[in-house]
Amino acid sequence: MDTQFSAEDLVFQAEVRQFYKDNYTAELQAKLANLDTYKQTQIEWQKLLFDKGWVATGWPQEYGGTGWTDTQKFIFSTERSSAGAPDVVPFGLKMVGPVIYAFGNDEQKQRFLPGILNSDDWWCQGYSEPGAGSDLASLKTKAELDGDEYVVNGAKIWTSYAQYADWIFCLVRTNNEGKKQQGISFLLIDMNTPGIKVNPIVTIDGHHSLNEVEFNDVRVPVANRIGEQDKGWTYAKALLAHERTSIAGVADSKKNLAQVIELARTEGGSGRSLINDPAFQKQVSDIEIDLMALEFTELRVLAALSSGGAPGPESSLLKIKGTEIQQAVQELRMQVAGTFGGVLSDESGGDISGHEFGSDARRAYMYGRATTIYGGSNEVQKNIISKAVLGLG
Amino acid sequence: MNFDFSEEQNMLRDSVSRFVMDNYDFATRNEVVASELGYSASNWNTFAELGWLSVPFSESVGGFGGNAVDTMVVMEQMGKGLVAEPFVGTVLLFGGLIEKAGSADQREALLPDVIAGETQGAFAYLERQSRYDLADVTTRAESAGDGYTLTGSKALVFNGMAAQTLIVAARTSGEQYDSDGISLFLVDAAAGGVTRTGYRLMDGQLVANIEFDGVTVGADALLGAAGEALPAMQAVVDDVTLALCAEALGIMETLNATTVEYAKTRQQFGVAIGSFQALQHRMVDTFMAYEQTKSMLYRTVCSLEAEADDASRNLHALKVLVARYGKQVGDEAIQIHGGMGLTDELDVGHYVKRLMTINTLFGDGAFHQARFNELTYN
């Protein structure tokens, strides 16, 4: 039992730290926070990571990935969070990319992986539907074979950044027989295809990142289907456990909590910092202690992974606790902001009142309510643990 | 980075686990606890033969030379069986103090007998008013000739009735709460002026209040330097706190497993109660509580072994989680067992009472959270 980094790991850690220090500038940070410049800046940032060879942390080397050990991945993500830098947009690099290299044919790998790696293609995820949320397998968007094309009809919902996307990866129904998990296929669809309509959804944080995507007789070449027809659920499922592990957000929560603690040193009343209030301290440490434990829960899952396992039901635990902690930290930041936490943003996402973080805190808090819903709601995760770990039917 | 046990640690774990399975069913355990000693002398000999009593001691005195992970491995398995033998009192507290504070002569004179299972010991440190403050000592040791005379009252001395030798924390200088001025003395439990009153705690263990009424000891009774005992006391108490948290983890695992098993077999409304989602989610919550506690235990033991800066912070955090999640696991175990959970004949309540006892030992959750906060935010 040993959690110390090797000498090589320490060298790597220093290199990563220096990279973020040199490249993740205040100017970049400001442009990422501004909704008008977000997309272009995010792409530029990912291209920088691509040039460095660090953009595809989970991919095997033969497909352009880093080939890092799990410890290196852990170091990289921790350093990224400490620098306050954003993760890559997950849809291409963390979601569809791995499905393509694992289950796609050679032609698909050659066609799609380069655009994902260099961030020329922006991807979005077409899983949920108006009638299929936590019960994802009940999805109804239909793809009917017509010659060498599928004709797709239906609608996807909660599609993050569909307004920016060049491509969408979709689960569609190609067969109504048998169990609902059977008869689902995995399609890659060009967002410029006629018949696709993107309808914005404004969320309770006042912003537009989510969308409904309508498909009306959208024609998709059969060559854009991953793997076999009707087997798409298998490919999608392999992805879900990875998604749950990554949305635990342990490193980001550490960074965010440290920031809240710093803010609570300057905020306060009656001449006393909030951080010196024992009641507030207890609220903070209730969260911080659970987060310290979760950090090791994540390391335990990583250690199991590096000895050959796949992320199992434990990834559900990470998702549940990770998102609960994310929300608790967001709530704490709102509390530190006080009434300034109610301030609305201006058009570019800044704070109208001139307060430093009130508007940000509100946006993060409001949008953060999504974390316990997306990736399979936390209640669904509990059903998974109950069945797969505890054996309760 | 790895969380695997070494081959030796796996053997140690299997050895304790097998003993618990083969020799420590609930009925047997209850007989052991109800006996006059509060433990089984024959079990204690077995522990010695199997080498468990040697685990934390250095090889120079015939010990196993184990570290905190080794002790953790033993204690976790003992927790699963609610083992009542005084491993904490004699080996970890009494033996730990001799190992940490004693001279080479004292270690060589005393520890081989502990390892052989021939000595029972106890640490008399707590007083009626001390609560969780190790420095709150009013018992005094006055110089008398070549030695000392001890006067004062100790309470809640674990294994205090069975112990042949006591280690007593007493003031050789300073005032009640001072960090300096506390000394440790080896005292024969049968010495003149020592009066012991035994009583039981809710977990079944036999403890003692001990009066020292002008007890005289020689200069060689002093363990470590006069007036400088507190750091060694704290170090030993930290080791024991970690060990107790490992025991608590073993208890939590057993309670969760027992409860899930019960939910699978207990029928109500024509179905197993484990098919109800309201109960399933409660059991998932206790599963997560257990996993989080285990992670914090691993975090703490790794930082202690690496002598990392955050080790004491981790230990406070661990005790906080053992309190918080131990209570949750215990409460749910009773709740899901329904009326049966309230009965003395079922083991569930006994596991819960041991968890409740561990919670208060060497500082409860609130105490450790306050220390954690001081170290972290002030």
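The contact between the two chains takes 31 residues from chain A and 34 residues from chain B, two residues being in contact if their C-beta atoms, placed from the backbone, lie within 7 Å. The structure is a predicted model, in which local features need pLDDT of at least 70 and side-chain atom pairs count only at pLDDT 80 or more, while totals for chains, interfaces and linings use all residues. Residues are numbered from 1 along each chain as its sequence is written, and chains are lettered from A and ligands numbered from 1 in the order in which they are written. On the side of chain A that touches chain B, the elements giving two or more residues are helix 9 (278–306), helix 10 (314–337) and helix 12 (378–388) of chain A, where helices (H or I, at least four residues) and strands (E, at least two) are DSSP runs numbered from the N terminus. Helix 9 of chain A provides the largest share of this side, 14 residues. By class, the side of chain A that touches chain B comprises 17 nonpolar, 8 polar and 6 charged residues; Ala, Val, Leu, Ile, Met, Phe, Trp, Tyr, Cys and Pro count as nonpolar, Asp, Glu, Lys and Arg as charged, and the others, Gly among them, as polar.

Chain A contains 12 helices and 10 strands, and its C-alpha atoms fill a box of roughly 75 × 50 × 50 Å, taken along the principal axes. For 393 residues, a compact globule would have a radius of gyration near 21 Å, and the 22 Å of chain A agrees with this; the radius is taken over C-alpha atoms, and the globule rule is 2.2 Å times the number of residues to the power 0.38. Of the 393 residues in chain A, 40% are buried, a residue being buried if 20 or more other C-beta atoms lie within 10 Å of its own, exposed if 12 or fewer, and partly exposed in between, with C-beta atoms placed from the backbone. Among the contacts in chain A with a separation of 6 or more, 68% are accounted for by residues 24 or more positions apart.

The domain assignment of chain A gives domain 1 (7–88), domain 2 (123–230) and domain 3 (247–388), with bounds that come from an automatic or database domain assignment. The C-alpha centres of domain 2 and domain 3 of chain A lie 31 Å apart, and the contact between these domains takes 6 residues from domain 2 of chain A and 8 residues from domain 3 of chain A. The residues on the domain 2 side of that contact divide into 1 nonpolar, 4 polar and 1 charged.

Strand 7 (residues 208–221) of chain A runs antiparallel to strand 3 (residues 149–157) of chain A, to which 8 bridges join it, two strands being paired if DSSP finds at least two bridges between them. Within this pairing, A:Val220 in strand 7 of chain A is the bridge partner of A:Tyr150. Strand 7 of chain A also pairs in the antiparallel sense with strand 6 (residues 196–202) of chain A, over 7 bridges, and A:Lys197 stands opposite A:Glu214 in strand 7 of chain A. The hairpin of strand 6 and strand 7 of chain A has 5 residues between the strands, and in this hairpin A:Gly206 takes a positive phi near 85°.

Chain B is divided into domain 1 (7–119), domain 2 (122–228) and domain 3 (231–377), and the C-alpha centres of domain 1 and domain 3 of chain B lie 22 Å apart. In the contact between these two domains, 20 residues of domain 1 of chain B meet 24 residues of domain 3 of chain B. Helix 4 (68–81) and helix 5 (87–101) of chain B each supply at least two residues of the domain 1 side, the largest share of which, 10 residues, comes from helix 4 of chain B. The residues of this side divide into 12 nonpolar, 5 polar and 3 charged.

Leaving aside its neighbours within four places in sequence, B:Leu279 is in contact with B:Ala263, B:Ile273, B:Gly274 and B:Ile336.
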